[in-house]
Amino acid sequence: MATLNATVREDKRNFAQLRPIHITQDLLQRVDGSAEFSFGSSSVICSIYGPAEVKIRDEKLDKATIEVFVRPVIGTPGTKDKTDEFNLRTTFESVIMTGLHPRTLIQIVAQVKHDDGSILATAINATCLALIDAGVPMKAIITAVTCIVTQQGDVLVDPTSKEAEEAVSTHTFAFDSLFFNAVLCESNGIFTEKQFLESYVLCKSGANQIYEKIRESLGHKFQIQYISKTLHFDPSTMTGTATTTDIEPRQIVDDGDQEEDMELE
Amino acid sequence: MVKELEASNNEKSFILEALREGIRLDYREKHDFRPLRFFFGPNYGHVEVHLGATKILVKVSCEVTHPYPDRASEGILILNTEISPMAIPSLDIGRPSEDEVLVSRILERAIKRSRAIDTEGLCIVAGEKVWTIRVDIHFLEHDGNIIDAACIAALTALSHFRRPEVTLVGTDVTIHPVEQRNPVPLSVHHMPICVTFAFFDNGEILVVDPSLQEEQIREGDMTITLNDHREICALSKAGGIELNMDKIVLCSKIATARVTEIHDQIKKALEKDSESR
């Protein structure tokens, strides 16, 4: 059984600890929504285009078609990327309110920027943030975490690619933000029921942390948008940097109206 | 799939009028590039280049493979320039667009055919084992002039890249992991950099590094590939308006100046990165 607080991982994390999360939204101008999500050095950039015109053969009369492309950082998309595409599509088909946009296309492109393990989970989180940025209506926010079971039977959350190579089994879970129920469960390898349940619990608490981070990041984003609106700021000059989580809105307001600034406090 | 929106007549005449007065929409001079920014990734050979709003991500990787039978003592350089719908949402997947073919041709000529990378130095055992260097160019955002941006990004990444060291004892090949021995850089013979021009008003007006809007309304274009020794490596002018000889000479002079500047910027960015590592 794993001792949860042991610092035996190579990067000095404990077993249940995620790598540092970094979120950036609204990076690209031409698409309708974009976001980058990273767990440490694993990072995925995702773009959303839609609801847009759909090809007739893909058209669905009662709902929007969701098209997903996952592009690896090295080489052309292979079987693994197709599996990731399938997982992303089925996950987001369950939360995007596709019925609101019948006969349209929502195109999701997830480009891996740096692969250091947990790519499916990173891609799901990036996609969710990009969908929020694009303003696509969703029933809930989806957050995902990957964990592995090692040869010793320990469960490690958010593995690096080196850790994942030596894993006996790999589990990726995605949870919705409403009830924190699993919407995706992708497991590979040989594992016991106990290990599976332990993975589930650890991933769930990880997903909760990511959800809090996303909320925090969106809070910053909307606060900045609110300030820019009330002070007649041109938000286009601040895109990209303004929505990064670690920038405080106060730094941007320098010569603005003091009263309105106070109201926000 | 949705067709790309063309520039409206009003937009067209506005941009043209402004150009006739010598003004570009982003306040640049006609012969200026947009600001270049370099972001290096955690590993060698991982570079993101921003040319204005155009964003290119390049990842260089290597593996040991068999050489081509007709070139037994040469390593292999592969360029992958697949454009994803992230950059051009109207892209038809699975069928390479005209743009994509043009980009890959020009880059192939600029980097492979001009022998920018010493492929013979990538040979380990002639006829058996060579390094294959793979350059994956990802277009994240297309705001005009993806050719120049991709070329700059690819060359920066190739100069930044380090491959694991190899020792040869008899016929035994040992590849030393990066942790054990310092990886070695590729030998870059020269740095061919593309400079793209757009022409308006029957070639009367020419601008360097066209933005997307300028690309949409241009009458002709030309890409000159020059290296840091002021030599022309390739020149591509596929259709568009006819140009007289003087214009081409003028363009190559402008391009020489730009290439020197860009080369300095790449060098500075690489030095800054190697200091911080």
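Figure 1. The structure is a predicted model. In residues 33–164 of chain B, the end C-alpha atoms are 36 Å apart, with 23% of the chain in helix and 35% in strand. Both spans come from UniProt, where an unreviewed entry places the feature "domain: Exoribonuclease phosphorolytic" at residues 33–164 and 190–257 of chain B. Chain B has a mean pLDDT of 92, and 99% of its residues reach 70 or more. For the complex, the predictor gives an ipTM of 0.90 and a pTM of 0.88.

**Figure 2. Helix 2 of chain B and what packs against its buried residues.** Helix 2 of chain B covers residues 98–113. The buried residues in helix 2 of chain B are B:Val103, B:Ile106, B:Leu107, B:Ala110 and B:Ile111. They pack against strand 4 (76–80), helix 3 (146–160), strand 11, strand 13 (220–226) and strand 14 (232–236) of chain B. After helix 2 of chain B comes B:Arg115, with a positive phi near 55 degrees.

Figure 3. Helix 3 of chain B is mostly covered, with 15 of its 15 residues buried. From first C-alpha to last, helix 3 of chain B reaches 20 Å, close to the 21 Å expected at 1.5 Å a residue. The largest nonpolar core has 130 residues. Within this core, B:Ala150, B:Ala153 and B:Ala154 touch the most other members. Apart from neighbours within four places in sequence, B:Ala150 is in contact with B:Ile56, B:Thr81, B:Val103, B:Leu107 and B:Ile137.

**Figure 4. The contact between chain B and chain A.** Chain B and chain A each bring 22 residues to the contact. On the side of chain B that touches chain A, strand 3 (54–65) and strand 6 (129–141) of chain B each supply at least two residues. Strand 6 of chain B gives the most to this side, with 5 residues. By class, the side of chain B that touches chain A is made up of 9 nonpolar, 7 polar and 6 charged residues.

**Figure 5. Two aspartates with positive phi.** A:Asp26 is not a glycine, yet its phi is positive, at about 60 degrees. The residue sits in the loop of chain A between strand 1 (21–25) and strand 2 (33–39). A:Asp26 counts as buried because 22 C-beta neighbours lie inside 10 Å, and the cut-off for that class is 20 or more. B:Asp201 also is not a glycine and has a positive phi, of about 50 degrees. Its loop in chain B runs between strand 11 (193–200) and strand 12 (205–208). With 12 other C-beta atoms within 10 Å, B:Asp201 is exposed; the exposed class takes residues with 12 or fewer.

**Figure 6. A cis peptide bond in chain A.** The bond from A:Gly50 to A:Pro51 is cis, and its omega is near 0 degrees. A:Pro51 belongs to strand 3 of chain A, which covers residues 42–52. Chain A as a whole has 6 helices and 9 strands. Of its 265 residues, 43% count as buried. Among contacts in chain A with a separation of 6 or more, 66% join residues 24 or more positions apart.

**Figure 7. Helix 4 of chain A at A:Thr230.** A:Thr230 is part of helix 4 of chain A, residues 193–230. A:Thr230 is partly exposed, as 15 other C-beta atoms lie within 10 Å. Between A:Thr230 and A:Ile141 there are 28 Å in space, C-alpha to C-alpha, and the two are 89 residues apart in sequence.

Figure 8. The mean pLDDT of chain A is 86, and 84% of its residues reach 70 or more. Residues 1–5 of chain A have a pLDDT below 50, and in the model this stretch has 7 contacts beyond near neighbours in sequence. Over residues 239–265 of chain A, pLDDT stays under 50 as well. For that stretch of chain A the model has 32 contacts beyond four places in sequence.

Key: Residues are numbered from 1 along each chain as its sequence is written. Chains are lettered from A and ligands numbered from 1 in the order in which they are written. This is a predicted model: local features need pLDDT of at least 70, side-chain atom pairs count only at pLDDT 80 or more; totals for chains, interfaces and linings use all residues. pLDDT is the predictor's confidence in each residue, from 0 to 100. UniProt positions are given in the numbering used here, feature names are shortened, and annotations may be inferred rather than shown by experiment. Helices (H or I, at least four residues) and strands (E, at least two) are DSSP runs, numbered from the N terminus. A nonpolar core is a set of buried Ala, Val, Leu, Ile, Met, Phe, Trp, Tyr and Cys residues joined through C-beta atoms within 7 Å. Two residues are in contact if their C-beta atoms, placed from the backbone, lie within 7 Å. Ala, Val, Leu, Ile, Met, Phe, Trp, Tyr, Cys and Pro count as nonpolar, Asp, Glu, Lys and Arg as charged, and the others, Gly among them, as polar. The expected span of a helix is 1.5 Å times one less than its number of residues.
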